[in-house]
Amino acid sequence: MVQPIQTVAVIGGGPAGSTLAERLLRGCCTKPDGSARSRRTDPRPLKAIVFEEKRGWEKPCGGGLTAKALKRYPFLADAMAPGNAVGEMEVVVDHDESLRFRLREPITVYSRRDLNALLLRRAERAGAQIVQDRITRLGPAGGHWRLQGLHGAYDADFVAIAAGARTRLRGQFAGDLPARDFMLTYGYYVPQQESLLRVMCFRDFDGYAWSFPRTRRLSVGICGKAVERTMPQLKRMLHCFMRRFSYSRDGAEVFAHLLPSLSIESWRGLKLAGHGWALAGDAAGLVDPITGEGIYFAMRSGELLAESLLEQAGAPDVRPLTPAGYTEKVRAEIADDLMVAARARRYFYRSTFMGEATSARMLQLAGRSRAFMILLQDMIEGQETYSGLVRRISLALPKAAWEVAARTVGGHVFNDNRAA
Ligand SMILES: Cc1cc2nc3c(=O)[nH]c(=O)nc-3n(C[C@H](O)[C@H](O)[C@H](O)COP(=O)(O)OP(=O)(O)OC[C@H]3O[C@@H](n4cnc5c(N)ncnc54)[C@H](O)[C@@H]3O)c2cc1C
């Protein structure tokens, strides 16, 4: 029996939406090493329409992608021209601790205009229709969805909300995320060049300031919990950071945006899909609560959603389409571990460890212990899960204490490059 074509409306053409549309139409997903996982059956005839209101915009973002992302999505490295591979990093804690080291695998920093254009082009090449419109509301209408845009009305059998952190469209499906689940961000695109990636933590502050070098300018910004700091407070902290490292605001372009940072309760209650709908990327809250990394999770959630929809292939034409198993897949691969990060966040940013702020103590240990240095690199490069990191920290502590003691007695200074 010939099955009717079903239309998947993807709202948002960022990393989550573009990857979802592309994988859905290509009918395949990736393994961690970047090789393709072949599809099991012929896909149900699907059409994908991506609605994107601001095609070709510079989404406020550091634009940093770790080796984990580049391994799974090798085409990102192939298209590296607009990116910037950064091999050296400095982590600073307030005024007393700092550590500069080489990353074993570079972090690639993209302009988001270039990255989004690349991902959307791939979706288009796979057969997705791209419609430049802002969807303002949607609702059920006679067995399908009716989407209202600024420039027209559209019908679809399935809606994927991949419209980023600020969207209100998720509300009718899974409720709006509360204020405690967001970080405020503020920053500047500074017309300066530097090859160093710099991050600064502050005592008693859930967040950090950063400078990410791109090919022609720097993304310099700060993020902090929305319920703990106001925007003027964040600005003051950022300006201190900028003065300290001579980042000039002259001629710099300002940006501000929201960054999801879910609480443990919200990770526990995560609701990602139902009959005829699903959430992906920032709209679902899938961002690392410690580092703020979200591009990889957006792409991966788009892919997992495509995989779940494709798994219905060959089944009788059941309406509405339901991405069976999607929430479970996201939990197993992403959310359960990011919940560990949400738990660890307060310890990392706020508490003390061996009489010193945890972030400062970790830097000291990394500067003096090879085991801790590798641990820090694994965390920054995204090479290890948070559950793995917590386990390794507890195992590495006695060894680190021994190494620190041995170096103190021997009077040596640890050369961090030996860990690379
Ligand atoms: C300041 C800042 C720095 C960051 N730095 C990093 C970093 O260095 N590395 C990292 O991995 N992550 C970083 N992130 C997080 C990262 O930017 C996001 O996790 C990622 O962009 C999420 O992708 P997405 O596709 O879910 O959403 P988005 O990238 O936000 O894409 C959503 C798209 O939907 C469109 N849209 C929204 N509403 C509608 C509508 N109603 N109709 C049609 N279109 C709509 C928007 O125009 C947008 O293009 C940072 C975030 C911020 C705020």
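This is a predicted model: local features need pLDDT of at least 70, side-chain atom pairs count only at pLDDT 80 or more; totals for chains, interfaces and linings use all residues.
**Close-ups of a pocket and a strand trio**

View 1. A pocket here is an open set of points on a 1 Å grid over the protein atoms alone, where a 1.4 Å probe fits, with protein on both sides within 12 Å along at least five of seven lines. Residues are numbered from 1 along each chain as its sequence is written, and side-chain values use heavy atoms, with hydrogens and water left out.

**View 2. Who lines the second largest pocket: 18 residues.** Lining residues have an atom within 4 Å of a point. Ala344, Tyr347, Thr358, Met362 and Ile393 lie nearest the centre. α12 (386–410) is among the elements giving at least two residues each, along with α9 (326–350) and β20 (352–353); α12 has the largest share, 6 residues. Helices are DSSP runs of H or I, at least four residues, and strands are runs of E, at least two, numbered from the N terminus.

**View 3. β6 (residues 85–93) and β7 pair antiparallel over 8 bridges.** Strands pair if DSSP finds at least two bridges between them. Ala85 sits opposite Thr108 in β7. The two strands make a hairpin with 3 residues between them, and Asp94 in the turn has a positive phi of about 45 degrees.

**View 4. β5 (residues 64–65) also pairs with β7 (residues 97–109), antiparallel over 2 bridges.** Here Gly64 faces Val109 in β7.
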